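Hi,

Here is the structure I said I'd pass on.

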Amino acid sequence: MNQLERGLLLLCSDLGDETIRPLSFAQYRALRKKVREMGIGNSNPDKAVEPSDLVRLGYDQPAAEWIVRLLDRDAQLDRYLQRAAAYGIVPVTQWSPDYPVRMLQNLGDLCPPVLFCFGDCTLLRQPGVSLVGSRKLLPSGRQFASRVGQLAAQESLTLISGGAVGADSTAQNTCLQAGGTVLSFLAESLLQHAAHPIPDGMLLCSETGFTLPFSPQRAISRNRLIHAMGLRTFVAQTSAGTGGTFRGTVENLSHGWSPVFVHADGSEGARLLCLRGAIPVPLHRLQTLRGAYAGQPALPASYAL
């Protein structure tokens with residue numbers, strides 16, 4: 001890992017400390033731009049950054065001290081990376097060639113500065129489709145999620161989801177059983193998964209850090225990663241107006257991260273998503289994930305990310 005990546009991790013990762021508030025990627029980019037413009041460190045690259053340096057850049061004293069505190073964690077970073085390596089967890093920063101281009105293109109400053117990954121990191125650069133849906137599935141919703149997982153495997157598309165019970169796990173398990181590949185963005189600690197082998201063809205990712213436990217905020221945050229990574233997003237089942245599936249899909253429709261196809265199950269949630277631009281797909285018509293639906297062109301047989 002080069003110094004640029006170390007600096008990004010120091011500033012933008014919690015390093016396992018829930019009391020630390022790291023910089024967002026937008027804040028990191030703004031800081032880096034100011035440092036370059038002011039030429040801080042050019043005459044003496046090894047000089048430690050002082051709060052006074054940051055005050056010169058326009059930061060107030062508390063913000064300057066906060067940034068210096070983040071940077072003054074070299075020993076903690078080394079321990080954190082050693083612990084990750086012991087579990088086979090790999091950090092992929094925005095300066096890494098493995099970082100997904102599609103995520104950068106779709107999310108911009110909303111991208112996570114670093115992804116901690118366990119499994120097959122090549123899946124970050126493979127074409128895929130996203131699947132979201134409720135945790136408590138009706139039988140028809142379970143059939144839809146399972147069908148998406150099966151078709152993803154058949155059509156050599158990585159299934160992108162969130163690893164939660166319900167729609168996520170149904171689609172992921174079906175895809176893996178059919179010989180497909182799965183990229184899962186988690187809202188909980190990677191450690192509980194890295195302690196055990198995972199199936200071949202699977203990659204688990206967590207943003208910012210790899211040790212923090214589940215929280216509703218992390219679950220909401222990771223939804224944007226799922227929607228932004230897929231060439232298309234399929235919604236197996238959703239409540240109406242509430243819940244992470246509905247809110248995450250509305251956010252996608254607002255930003256246009258990926259075309260949304262919702263299970264036409266007659267529910268109020270599906271109707272509301274269609275009013276916002278989602279395309280309804282009845283279960284019996286879900287014969288391909290690459291095909292044309294309601295004016296959306298078919299995906300090409302091969303797609304380079």
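Before anything else, keep in mind that this is a predicted model.

I'd start at the end of helix H8, where the chain runs on to Gly 179, a residue with a positive phi near 90°. H8 itself spans residues 167-177 and is mostly covered, with eight of its 11 residues buried. Those eight are Ala 167, Asp 168, Thr 170, Ala 171, Gln 172, Thr 174, Cys 175 and Leu 176.

Now for the inside. The largest nonpolar core has 59 residues, and the ones touching the most other members are Leu 23, Ile 89, Leu 131, Phe 234, Leu 286 and Leu 289. Apart from that core there is another, of 30 residues, which counts Cys 117, Cys 205, Phe 246 and Val 262 among its members. As background, nonpolar side chains in soluble globular proteins tend to be buried together.

Next, the aromatics. The count comes to six aromatic pairs. In one of them, Phe 25 and Tyr 28, the ring centres are 5.9 Å apart and the planes are at 25°; stacked means under 30 degrees, so this pair qualifies. Both residues belong to helix H2 (residues 25-38), and because they are three residues apart there, about one helical turn separates them. The cut-off for buried is under 20% relative accessible area, so Phe 25, at 7%, is buried. Tyr 28 is buried too, at 5%. Elsewhere, Tyr 80, Phe 116 and Phe 210 are linked into a cluster by ring pairs.

Phe 25 comes up again as a contact of Cys 111. That cysteine is in the loop between helix H6 (101-107) and strand S2 (114-119), and it is buried, with a relative accessible area of 2%. Beyond its neighbours within four places in sequence, Cys 111 also contacts Gln 94, Tyr 99, Met 103, Leu 104 and Arg 224. From Cys 111 to Arg 6 it is 105 residues in sequence, and 18 Å in space between the C-alphas.

S6 and H10 are the elements that give two or more residues to its lining, and H10 gives the most, with four. The lining has 27 residues; nearest the centre are Asp 14, Pro 22, Glu 207, Thr 208 and Ser 221. By type, the lining splits into 13 nonpolar, seven polar and seven charged residues.

Most residues other than glycine have a negative phi. Thr 208, in the loop between S6 and H10, has a positive phi of about 75°. Ser 156 has a positive phi as well, near 55°. You'll find Ser 156 in the loop between H7 and S4, and at 59% relative accessibility it counts as exposed.

Cheers

Note on methods. Residues are numbered from 1 along each chain as its sequence is written. This is a predicted model: local features need pLDDT of at least 70, side-chain atom pairs count only at pLDDT 80 or more; totals for chains, interfaces and linings use all residues. Side-chain values use heavy atoms; hydrogens and water are left out. Buried means under 20% relative accessible area, exposed over 50%, partly exposed in between (1.4 Å probe, protein chains only). A nonpolar core is a set of buried Ala, Val, Leu, Ile, Met, Phe, Trp, Tyr and Cys residues joined through side-chain atoms within 4.5 Å. On a 1 Å grid over the protein atoms alone, a cavity is a set of points where a 1.4 Å probe fits but cannot get out, and a pocket is an open set with protein on both sides within 12 Å along at least five of seven lines; lining residues have an atom within 4 Å of a point. Ala, Val, Leu, Ile, Met, Phe, Trp, Tyr, Cys and Pro count as nonpolar, Asp, Glu, Lys and Arg as charged, and the others, Gly among them, as polar. Rings of Phe, Tyr and Trp (its six-membered ring) pair if their centres lie within 6.5 Å; planes under 30 degrees apart count as stacked, over 60 as edge-to-face and the rest as tilted. Contact means heavy atoms within 4.5 Å.
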